[in-house]
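Please look at the sequence and the structure below. The paragraphs that follow go from the contact between two chains to the details inside each of them.

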Amino acid sequence: MKIALLIIAAILAIIAALFIGPAPISIGEALAALLGKGEESAVLIVQQIRAPRAALAAIVGAGLGASGAALQGYTRNPLADGGILGFSACAALGAVTALYFGFAAWTPLAALIGAGLGASAILMLVGARKGAGTLILAGVGIGALATALTGLVMNFAPNPWALSEIVYWLMGSLREADMNGLIMAGPLTAIGIGALLLTGADLRTLSLGEDTAVSLGVSLRRVQILLIIGVALCIGSGVAVAGAIGFIGLFIPHIMRMIYGPDPARLIWLSAIAGAGFLSLADMATRLLANGGAVLYLGILTSLIGVPFFLYLAVKAPHYE
Amino acid sequence: MSELIIKNLSAGYGERSVLRGVNGAARGGEIIGLLGPNGSGKTTLMKTLLGLHKPSSGEVTLGAKSVHAMAAKVRAKSLAYLAQTRAAPWPMTARNIVALGRAPHQNIFGGFGRINPADARAIDAAIDACGAGDLAGRDITTLSGGEQARIFLARALAVGADVLLADEPVAALDPFYQLTIMEVLRAKAKAGGLVITALHDLSLASHYCDRVWVLDGGRLVADGPPEQALTDAVLSGVFNISRPLGGFIPPRIA
């Protein structure tokens, strides 16, 4: 059972994040500490730092994976993901604006608002009964605008500290993961993935093209609304707690498609599971590779792993056209 | 099967009007050949009959109910569509393509569920009707054009709708596959269905269609059995060809 293997691997990756880190804590100690037993310092580290961080890595990764799979299914284009279609850039613009005005504590909310406004703009531009091609153009356009405005905000950063705060934030990290982040991102991502799963059957039908799908009773408007709200919730809450983390939404669905076949409905939840496992591993790697003061940012690591792998797939994989 | 009635139907895209006051009626058991030069409005008429395209005026009714006022799922179960462009973006198996024809019969949780026995029977019956049993397990992207055409036709049949609208189902096929596809359409009509199919091959239309509708510039200029509707005046006026000794030949060559 290839699916059972995937689920087990993802769960192991998340559990491993509890006992792998700079402070030496064994598997047994970590699991006991999770339940509040054992040494006080171990309980503190596991319950307050590692568990929320591991859970957030899994949640953010699941949201990014599911979003990428749903967008690729809808556009019938293996190059679509929340980063390319502008959702991440809109969320980042919201967060960066909050940092610019010195409201660092409001960054997560600002990221969510940014994603929501960007999604609304994309929905309005796409309009009723317009196809996937329009969504790609609207998303890329809105994303470019948000990136330009982010550059503008950095251009007018009031002082070097605000600028460096923005730059580090844009690199993406789970260092500040805590229970508050978990309470916010968990439910929002769950609702987002739920909305995406509801598009599954329609995405499958859309494999036949838009006219044929509509003749089979698919409402393009309903698919678009569920899709855009779902992606905005997943990516907005992901960016809110972890900053900009790229490339997962692009290459995780790609790998899942190669292993499990092209069914767009199944790929949504398969990519959510794989994304959760992958981001847990990647975040663990950033902690292990952290060398004294120098911190490796998660967003940089995912791109460094993702890009070569993606290029390899682009050259070696069967072409979907 | 209930009657499909087209009343004074006009439709277009923005300022450009494509259909101008089309009237017609059709019932189960018929194959109607939709004929006309490129750009005469065949595809637009089909999309408007299906409810995919909103008319600017006029009405289409199926069993006294307006097609454009029907709930999407009800309409999808009543009218099946074989589009002119047929392609799969992913390397899916042929049977999974045919299975998509059952989408109107599934609820919003269809993305999770397995195919139920009734749907499975409809899928197998459609594959059999197209003689495509040996192709069912193959990857659609590895099939030839003629094999793909049979699979996409099976997909449209799997819907189980009374009305089938097929847009150029034999385009770019070799003679054997053209006849195979037309035989499947004839069997669908014999079983009581209504088949409306856009065709360019007038000989094929003459042989297989009970009636032809000839469109010219968005108007229905002839409606009747092929031998009556395809008069010399229609051939030269609409298609710019003449008919010496049985074949259809462009005037300059003739």
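In this predicted model, 21 residues of chain A are in contact with 21 residues of chain B. On the side of chain A that touches chain B, the elements giving two or more residues are helix H8 (179-198), helix H9 (200-205) and helix H10 (210-215) of chain A. By residue type, that side of chain A divides into ten nonpolar, eight polar and three charged residues.

Two packed helices are described by the angle between their axes and the distance between the axes. For helix H3 (residues 40-75) of chain A and helix H13 (residues 264-289) of chain A, the axes come within 6 Å and cross at roughly 145°. The crossing of H3(A) and H13(A) is right-handed. The residues in the contact of H3(A) with H13(A) comprise 17 nonpolar, seven polar and two charged ones.

Chain B is built from nine helices and ten strands. Its radius of gyration is 18 Å, close to the 18 Å that the globule rule gives for 254 residues, so chain B is as compact as a globular protein of that length. Along the principal axes, the C-alpha atoms of chain B fill a box of roughly 55 × 40 × 35 Å. Of the 254 residues in chain B, 47% count as buried. Among the contacts in chain B with a separation of 6 or more, 67% are between residues 24 or more positions apart.

The strands of chain B can be taken sheet by sheet. Strands of a sheet pair through backbone hydrogen bonds, either parallel or antiparallel. One open sheet of chain B has four strands in the order E2-E1-E4-E5, with antiparallel pairing. Its edges are strand E2 (16-26) and strand E5 (65-66) of chain B, each of which pairs on one side only. Helix H1 (residues 42-50) of chain B packs on this sheet and touches strand E1 (4-13), E2 and E4 of chain B. The direction of H1(B) makes about 65° with that of E2(B).

Within the sheet, E1(B) and E4(B) run antiparallel and are joined by five bridges. Across this pairing, Lys7(B) stands opposite Glu59(B) in E4(B). Strand E4 (residues 57-62) of chain B also pairs with E5(B), in the antiparallel sense and over two bridges. Here Leu62(B) has Lys65(B) in E5(B) as its bridge partner.

What lies in the turn between E4(B) and E5(B)? These two strands form a hairpin with two residues between them, and Gly63(B) in the turn has a positive phi of about 60°. Ala64(B) is found in the loop between E4 and E5 of chain B as well. Phi of Ala64(B) is near 70°, a positive value in a residue other than glycine.

Asn240(B) lies in the segment after helix H9 (232-239) of chain B. Its phi is near 60°, again a positive value in a residue other than glycine. With 11 other C-beta atoms within 10 Å, Asn240(B) is exposed.

Further strands of chain B bring in a parallel pairing. Strand E3 (residues 31-35) of chain B pairs in the parallel sense with strand E9 (residues 211-216) of chain B, over four bridges. In this pair, Leu34(B) stands opposite Trp213(B) in E9(B). Leu215(B) has Leu220(B) in E10(B) as its bridge partner. E9(B) and E10(B) form a hairpin with two residues between them. In the turn of that hairpin, Gly217(B) has a positive phi of about 55°.

Key
Residues are numbered from 1 along each chain as its sequence is written. Chains are lettered from A and ligands numbered from 1 in the order in which they are written. This is a predicted model: local features need pLDDT of at least 70, side-chain atom pairs count only at pLDDT 80 or more; totals for chains, interfaces and linings use all residues. Two strands pair if DSSP finds at least two bridges between them. The radius of gyration is taken over C-alpha atoms; the globule rule is 2.2 Å times the number of residues to the power 0.38. A residue is buried if 20 or more other C-beta atoms lie within 10 Å of its own, exposed if 12 or fewer, and partly exposed in between; C-beta atoms are placed from the backbone. Two residues are in contact if their C-beta atoms, placed from the backbone, lie within 7 Å. Axes are lines fitted to C-alpha atoms, for helices over the stretch in contact, and angles run from 0 to 180 degrees between N-to-C directions. A crossing is left-handed if the near helix is turned anticlockwise from the far one by less than a right angle, and right-handed if clockwise. Ala, Val, Leu, Ile, Met, Phe, Trp, Tyr, Cys and Pro count as nonpolar, Asp, Glu, Lys and Arg as charged, and the others, Gly among them, as polar.
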